[in-house]
Amino acid sequence: DVERSRGLGDVYKEDILVIEDSEKGIQAGISADLHVWAIEDKLFGMNQSKANRLVDNLTQIFEALVEK
């Protein structure tokens, strides 16, 4: 959580990536002013439009982070 991240030394909000799939989880990350990537829901019809990026799976996240 964001409060705990403050005790980690040189960890800044821009260094935190929230990975979520639920609407409430996405909203919590956005409300905390964090960057949120959502694993796209193809089953339940959740609104994930507030996420900064939609991905298909964890492998896609890993590959995107390795590219940076």
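# A tour of the chain

Of the 68 residues in this chain, 24% count as buried. The model on screen is predicted.

**Whole chain.** Start with the cartoon view. The secondary structure consists of three helices and three strands. Followed along the sequence, these elements come in the pattern α-β-α-β-β-α.

**The core.** Hide the surface and select V18, I26, L34, V36, A38 and A51. These six residues form the largest nonpolar core of the chain.

**V18.** Keep the core on display and pick V18, one of its members. Which residues does V18 touch, leaving out those up to four places away in sequence? They are G29, L34, H35, V36 and W37.

**R53.** Next, select residues 53–55, which make up strand β3. R53 lies in this strand. Is R53 buried, partly exposed or exposed? Its relative accessible area is 35%, so R53 is partly exposed, since that class runs between 20% and 50%.

R53 and W37 are 16 residues apart in sequence, yet their C-alpha atoms are 4.7 Å apart in space.

Finally, show the contacts of R53. Not counting residues up to four places away in sequence, R53 touches V36, W37, A38 and A64.

Conventions
Residues numbered from 1 in each chain as written. Predicted model: local features only at pLDDT ≥ 70, side-chain atom pairs only at ≥ 80, totals over all residues. Heavy atoms only, no water. Helix = DSSP H or I, 4+ residues; strand = E, 2+ residues; numbered from the N terminus. Buried < 20%, exposed > 50% of the residue type's maximum accessible area, 1.4 Å probe, protein only. Core = buried A, V, L, I, M, F, W, Y, C linked by side-chain atoms within 4.5 Å. Contact = heavy atoms within 4.5 Å.
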